[in-house]
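Reader: I am new to this structure and would like to learn how to read it. Please take me through some of its features, one at a time.

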Amino acid sequence: YWQDIIARVAQQDPNFDATRYGARAAARRTFASGPEARNVTALNTVIGHLGTLDEAAAALVNRDLRAFNAVTNRLAQEIGDPRIVNFEVARQAVAEETMRVFRQVNASEQEVMHWKAVLTSSSSPQQLRGSIATLGKLLESRVDAIAQQYERTLGTANPARVDPGNRARLDQLIRQGDRTAPGALSPQEEQRYQELLRKQRAAQ
């Protein structure tokens with residue numbers, strides 16, 4: 001009887017393996033409403049926030065000299081210009097949601113909050129684009145890791161990928177910020193970037 005049922009199931013699902021049924025059922029549950037589902041939600045949210053941050057950064061119309069930007073933006077804030085406040089709100093939102101994403105790969109709060117410190121309103125346009133693109137690459141690695149985990153466990157394409165619109169926006173942010181451009185990342189920032197990537201790979 002059970003052999004007949006298993007044979008019928010296998011006809012409907014060529015990847016069906018009775019010995020892995022428990023693991024696949026558990027994976028479906030966690031991708032539907034467990035930690036992985038929440039991680040995908042956080043990814044969608046932070047990518048949207050990152051796009052908003054990029055727009056807020058462009059609205060600052062900064063120059064290459066950080067000291068000049070710091071003084072100009074401080075004066076603008078004093079006279080009620082909303083652009084600096086908008087940037088700070090977006091920066092805080094990105095930092096908080098990034099923590100939710102990378103907490104699952106055991107990244108420390110200090111590591112993640114570092115990116116908030118890097119993304120300052122006094123940075124040059126090139127530095128802002130580079131830092132946003134680098135953070136985008138880290139998020140991209142998390143997107144790919146979740147997809148691989150799903151496909152490795154269930155043997156099918158992952159339906160829980162990020163929203164296509166968010167994926168397109170993420171690709172755009174990565175393209176527009178060349179991480180190798182001069183001034184994009186300091187040696188210390190590069191080291192932190194590589195450390196987060198290492199933890200991401202170790203969690204796969």
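Reader: Is S124 buried or exposed?

Author: A residue counts as buried when its relative accessible area is under 20%. In this predicted model, S124 has a relative accessible area of 5%, so S124 is buried. S124 sits in the loop between helix 6 and helix 7.

Reader: Which residues does S124 touch, not counting residues up to four places away in sequence?

Author: S124 touches R63, D64, R66 and N69.

Reader: N69 belongs to helix 4. How many residues does helix 4 have, and what does it reach from its first C-alpha to its last?

Author: Helix 4 runs over residues 66–78, which gives 13 residues. From first C-alpha to last, helix 4 reaches 18 Å, close to the 18 Å expected at 1.5 Å a residue. After helix 4 comes G80, with a positive phi near 90°.

Reader: Which residues of helix 4 are buried, and why are they on the same side?

Author: The general idea first. An α-helix has 3.6 residues a turn, so residues three or four places apart point the same way. In helix 4, the buried residues include N69, N73 and A76. These residues cover an arc of only 60° around the axis, and therefore lie on the same side of helix 4. A67, V71, R74, L75 and E78, on the other side of helix 4, are exposed. Helix 5 is among the elements that cover the buried residues of helix 4.

Reader: How many residues does the largest nonpolar core have?

Author: In soluble globular proteins, nonpolar side chains tend to be buried together. Here the largest nonpolar core has 41 residues, and L50, L53, F102, L138 and L139 have the most contacts inside it. Helices 2, 3, 5, 6, 7, 8 and 9 each give two or more residues to this core. For one of the residues in it, L139, the contacts beyond four places in sequence are L43, V46, I47, L50, V101 and F102.

Reader: Where is T134 found, and is T134 buried or exposed?

Author: T134 is found in helix 7, residues 125–154. Its relative accessible area is 0%, so T134 is buried. A polar atom of the T134 side chain lies 2.8 Å from the backbone oxygen of G130.

Reader: How many helices and strands does the protein have, and what share of its residues is buried?

Author: The protein has 9 helices and 0 strands. Of its 204 residues, 44% are buried. Among contacts with a separation of 6 or more, 76% join residues 24 or more positions apart.

Notes. Residues are numbered from 1 along each chain as its sequence is written. This is a predicted model: local features need pLDDT of at least 70, side-chain atom pairs count only at pLDDT 80 or more; totals for chains, interfaces and linings use all residues. Side-chain values use heavy atoms; hydrogens and water are left out. Helices (H or I, at least four residues) and strands (E, at least two) are DSSP runs, numbered from the N terminus. Buried means under 20% relative accessible area, exposed over 50%, partly exposed in between (1.4 Å probe, protein chains only). A polar contact is a pair of N or O atoms within 3.5 Å; within protein, one must be able to donate a hydrogen and the other to accept it, and residues adjacent in sequence count only if both atoms are side-chain atoms. A nonpolar core is a set of buried Ala, Val, Leu, Ile, Met, Phe, Trp, Tyr and Cys residues joined through side-chain atoms within 4.5 Å. Contact means heavy atoms within 4.5 Å. The expected span of a helix is 1.5 Å times one less than its number of residues. The arc is that of the directions from the helix axis to the C-beta atoms.
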